[in-house]
Amino acid sequence: MSLGVIGGMGPMATACFLEILTEKTYAERDGDHLETIIYSCPQIPDRTSFILGKSDSDPRPKIIETALKLQREGVSAIAVPCVTARSFKEEIQASVDVPILFGVEAAARKLSESGIRKAGIMATDGSIKTRVIQDVLESFGIEAVIPSDDDRAKVMSLIYDDVKTGRDPDLDKLREVRDNLTAAGAQTVILGCTELSVINRSYKLEDGYFDILEMLAEEALEACGMRVRA
């Protein structure tokens, strides 16, 4: 079995995903790892800009085109390391016969099994608007805590002004948002944008965060019949 990856949303998040996928694979030699085909297409239009009506450039055709290319390569499943792209899950899934994975369901299931009943969300404004995380959490009996407008602006700045431009992130902003979500009753704070996963991996954030990209890696391995390293 093999895994396809729709990459480039953004490029650093794709690289981060491959590292996590490799580390989470139970393997004793190179040949034990999963055959993976990554199609990195940074030219896919920005998902949040389209969702918010700030751009007429529709990302769906390019995402679907990439999914079809991966399917023709014979992959068993396709991972999409971009949470906001889950806003278009139905259209993408309808275009191919293999499962499309985003890690959101896997994350909600893991949180539910861990006894979490209230979770904060750090994500793009596009993801918040389309409720790609909130609705899934609620289906597992978990209440979603959304940042204030000011805190959402801080999250967007971390994603677009820091990670996507290659700058060092302002970790104080991240902690301020986390602390405010925790004060609002969140038992954990979901890093619901894969650029935030890049920060988590690069700076080894302290406890209190839950990384969806790690759940996507586990979900992808299991979908391809691979053993996940404990």
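Reply: Among contacts in the protein between residues at least 6 apart in sequence, 73% join residues at least 24 apart; contact here means heavy atoms within 4.5 Å. The model is predicted, so local features need pLDDT of at least 70 and side-chain atom pairs count only at pLDDT 80 or more, whereas totals for chains, interfaces and linings use all residues. Residues are numbered from 1 along each chain as its sequence is written, and side-chain values use heavy atoms, with hydrogens and water left out.

The protein contains 11 helices and 8 strands, assigned as DSSP runs numbered from the N terminus (helices: H or I, at least four residues; strands: E, at least two). For 230 residues, a compact globule would have a radius of gyration near 17 Å, and the protein agrees with its 17 Å; the radius is taken over C-alpha atoms, and the rule is 2.2 Å times the number of residues to the power 0.38. Along the principal axes, the C-alpha atoms fill a box of roughly 45 × 45 × 35 Å. Of the 230 residues, 52% are buried, where buried means under 20% relative accessible area, exposed over 50%, and partly exposed in between (1.4 Å probe, protein chains only). The accessible surface comes to about 10300 Å², and carbon and sulfur atoms account for 45% of that area.

The part examined closely is the pairing of helix α5 (residues 104-113) with helix α11 (residues 212-223). Two packed helices are described by the angle between their axes and the distance between the axes. Here the axes come within 8 Å and cross at roughly 105 degrees; they are lines fitted to C-alpha atoms over the stretch in contact, with angles running from 0 to 180 degrees between N-to-C directions. Therefore α5 and α11 are roughly perpendicular to each other, a term for angles of 65 to 115 degrees, while those under 35 count as roughly parallel, those over 145 as roughly antiparallel and the rest as oblique. On the α5 side, the contact is made by Val 104, Ala 106, Ala 107 and Lys 110, and α11 contributes Ile 212, Met 215, Glu 218 and Glu 219. By class, this contact has 5 nonpolar, no polar and 3 charged residues. Ala, Val, Leu, Ile, Met, Phe, Trp, Tyr, Cys and Pro count as nonpolar, Asp, Glu, Lys and Arg as charged, and the others, Gly among them, as polar.

Helix α10 (residues 194-203) has 7 of its 10 residues buried, so it is largely enclosed by the rest of the structure. The buried residues of α10 are Thr 194, Glu 195, Leu 196, Ser 197, Val 198, Ile 199 and Asn 200. Lys 204 follows α10 and is found in the loop between α10 and β8 (209-211). At a relative accessible area of 69%, Lys 204 is exposed.

Some backbone details remain. Most residues other than glycine have a negative phi, and most peptide bonds are trans. Lys 204, however, has a positive phi near 50 degrees. Arg 131 also has a positive phi, near 60 degrees; Arg 131 is found in the loop between α6 (125-130) and α7 (134-139) and, at 32%, is partly exposed. The peptide bond from Met 9 to Gly 10 is cis, with omega near -5 degrees, and Gly 10 has its place in the loop between β1 and α1 (11-24).

How values were computed:
Accessible areas come from the Shrake-Rupley method with a 1.4 Å probe; for residues, only the protein chains shown count as cover.
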